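Thank you all for coming; I would like to take a few minutes to walk through one model, sheet by sheet and then helix by helix. Please keep the view open while I talk.

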Amino acid sequence: MIKLFDSGVFYVNGEIIKADKEGAKKLASLRISPDKAEASKKTMAYSILTAHNTSGDDEHLKIKFDAMASHDITYVGIIQTARASGLTEFPVPYVLTNCHNSLCAVGGTINEDDHMFGLSAAKKYGGIYVPAHLAVIHQYMREMMAGCGKMILGSDSHTRYGALGTMAIGEGGGELAKQLLKRTYDINRPEVIGVYLTGSPDPAVGPQDVALAIIGAVFKNGYVKNKVMEFIGDGISGLSAEYRNGIDVMTTETTCLSSIWETDGKIKDWYDIHGRSEDYKELKPENGAYYDGLVYVDLSKIKPMIAMPFHPSNVYTIDELNANLEDILDIVEKAASKQIDNPNISLKLRDKIKNGRLMVEQGVIAGCAGGNYENLCDAADILAGKSIGTEDFTLSVYPSSQPVFMRLVENGSVFKLMEAGAAVRSAFCGPCFGAGDVPPNNGLSIRHSTRNFPNREGSKPGNGQIASVALMDARSIAATALNHGVLTAATDIDLNFTKPKYFFNKSVYENRVYQGFKKAQPEVELKFGPNITDWPEMSRLPENLLLKIVSYITDPVTTTDELIPSGETSSYRSNPLGLAEFTLSRKDPAYVGRTKEVQKAEKARLTEGECPKKALPELEGIFEAIKSADEFKDIHFRTDVGIGTSIYAYKPGDGSAREQAASCQKVIGGWANIAKEYATKRYRSNLINWGMLPFIYEEETPFENGDYVFVPNVREAIAENKADIRAFVVKDGSLKEFTLHMAELTPDERKIILAGCLINYYREA
């Protein structure tokens, strides 16, 4: 089904040739150069990155993007950051969509106030504003902004338009603020992994099945982490543009940096249908291109898949699960119990086995992954003239945009779905992050959406409430609905797909989307609701740091949702201090109280006439222990030592691009993270952009939760780009030295950390 190559490969005349001795002989016979460095320049990714690089250095890239996109959970903070740093006008097309807080059902006027801020900002700075319910962010960008050879940056992790020939990257808001201020996205040239598709999928196998199979093969081993996935092979031609989009958007869950696909006549048709023929061009790697690795996918062998709670990589075939229900559900329950780590919560999936079959309570097909035209047409065909039943099982469907919705109405698919008992709703991302269709406590929801982390369906584990999401393809969800909630693979039912042709009608966009690019109106006043607040002042990095470890997390991976929960907290995302109250609330509820206690000491240090030791009496012994060392005996704690907090986690930052996972720590006293590794580049970038130190410590830690770590001369170490940084555990009246590590920082990243955050950096520039 899927094979990972253990070496790099050359791609010659459609053939894969391993970069080994035998491969070298074959390359010689074909008169193809075995020079990997030169051959790597023949990839599509290399060409696109080079075309957008402004550094003049092929290895150290400074990228400027063609367009950007944000939704209503992130755009307020981004614009506020850029505004505080001198923003005058959006220099590139910047699309502000309203697909996350669009229900406007929580927090009084908060959500709609954000929307009014967004519209006023689009007018003032020259942006594109897409009102609520018109489109989810990525569908609008596909329909209206993608283009072959372009690069797009989005403040949502699923910013992926590779199937349409666009290299797209999801990052935290700080990276978008840089682009708004005419700065660059700075990275070392990423490695490129080929994804070779061959064969044809079974009609019952959808794009989510292929995506989950790939994720299951590459996530845990980090095979594509922070690399570009380049899709090639004879299997691509048999896939529709919609099918490719459905696979592509899920590449985010592999932790890759971006994706790009070969383009062909079907992609040309996509652009023709959407009235943008000029945005198409053929893309393919040059003959002899070199890839740093290869994922070989035989599409004909992919079966309907299911990703069990609580990660998209926790995959099984549906057949395998149904044949081993007790054993697999036992494994899932035990892993979930360890991950949630709450004695008041017990996941009871085995209770859902009835007469030897797994019963689920809910199905959802939604968002940028599930709500696409072909997915919903096929689901409608499966359910045509049938019923989802009158028992526990419910089905909700969210078309990805109003143009898609309109065509589904025209071709009768909406009628088929509604007649069968499905609830058809407007374009909304809520089911993907826990703000819509929340199942009952201990419920199991099967979803064609993007993630199934804890609380991504809206439950609150910290309050003793837990539900679960399993990811599946729309076709198998419809097959399960056909059987009234009995888990069923689409291969187990008779299929008759009508495949109605798609026609794109952009009239709703012409009538409702504000098109303000290059039409900035500086005189327009921004509209501020009472919940929209400025960022608090943040200090420059001090000469020395005293960090208290206030949370110690040993899970194999810590998601962004655990660092700052999604769902109901989204109403506070325009209020930095209000949102910070939720930091780690589901993983470590005591965190906020601990870090704010330490922050009192730092505030006292920075306030003339106040004493840090009075604000936090435990510092008396800590200061004495540090001064007991000869080299620190003359240190002045008020002027020379910043006091803050750090969390320790094995591998933090998997999942969402939301910068709030870092900024929330910073505004309530955080100065650093210490980790064995960082799950994604974007989380590490978020830490840096908020002036936090992304330390690495791979060995057994010499500190515990509640211990203090003293990092002397840290400012000097960052300024000099030192990889190894001295640190001391301060405990029991003594100092124990160890070494923290810092992966490479770009010159600008060093300056941002020294300034204390991105806002300070631009103020000082």
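Let me begin with pairing, since two strands are said to pair if DSSP finds at least two bridges between them. Helices (H or I, at least four residues) and strands (E, at least two) are DSSP runs, numbered from the N terminus. What we have here is a predicted model, in which local features need pLDDT of at least 70 and side-chain atom pairs count only at pLDDT 80 or more, while totals for chains, interfaces and linings use all residues. Residues are numbered from 1 along each chain as its sequence is written, and side-chain values use heavy atoms, with hydrogens and water left out.

The sheet I would like to show you to start with is open and made of 5 strands in the order E1-E15-E11-E12-E13, with mixed pairing. Its edges are strand E1 (2-4) and strand E13 (258-261), each of which pairs on one side only. On average, neighbouring strands of this sheet are turned by 20° against each other, direction ignored; axes here are lines fitted to C-alpha atoms, for helices over the stretch in contact, and angles run from 0 to 180 degrees between N-to-C directions. Strand E11 (residues 192-198) and strand E12 (residues 228-232) run parallel and are joined by 5 bridges, and the bridge partner of Ile 193 in E12 is Met 229. Helix H3 (residues 44-52) lies across E11, E12 and E13, at about 130° to E12.

Let us turn to another open sheet, which has 6 strands in the order E9-E8-E5-E6-E7-E25, again with mixed pairing. Strand E9 (167-170) and strand E25 (514-515) are the edge strands, each pairing on one side only. At the E25 end, strand E7 (residues 128-130) and E25 pair in the antiparallel sense over 2 bridges, and Ile 128 has Gln 515 as its bridge partner in E25. Helix H4 packs on this sheet, touching strand E5 (67-70), strand E6 (94-97) and E7, and its direction makes about 140° with that of E6; contact here means heavy atoms within 4.5 Å. Helix H5 (residues 110-125) lies across E6, E7 and E25, running at about 155° to E7.

Which faces of E9 are covered? Both are: Met 167 and Ile 169 on one side, and Ala 168 and Gly 170 on the other, are all buried, where buried means under 20% relative accessible area, exposed over 50% and partly exposed in between, with a 1.4 Å probe and protein chains only. E9 pairs with strand E8 (residues 151-154) in the parallel sense over 4 bridges, and Leu 153 stands opposite Ile 169 in E9.

Helix H4 (residues 75-84) also packs with helix H7 (residues 173-180), at an angle of about 45° and with their axes 9 Å apart. The two helices H4 and H7 are therefore oblique to each other, given that angles under 35 degrees count as roughly parallel, over 145 as roughly antiparallel, 65 to 115 as roughly perpendicular and the rest as oblique. In this contact, Ile 78, Thr 81 and Ala 82 of H4 meet Gly 173, Leu 176, Ala 177 and Leu 180 of H7.

Finally, in helix H15 (residues 402-410), the buried residues are Pro 403, Val 404, Phe 405, Arg 407 and Leu 408. Among the elements that cover them are helix H6 (137-144), helix H14 (373-383) and helix H19 (507-512).
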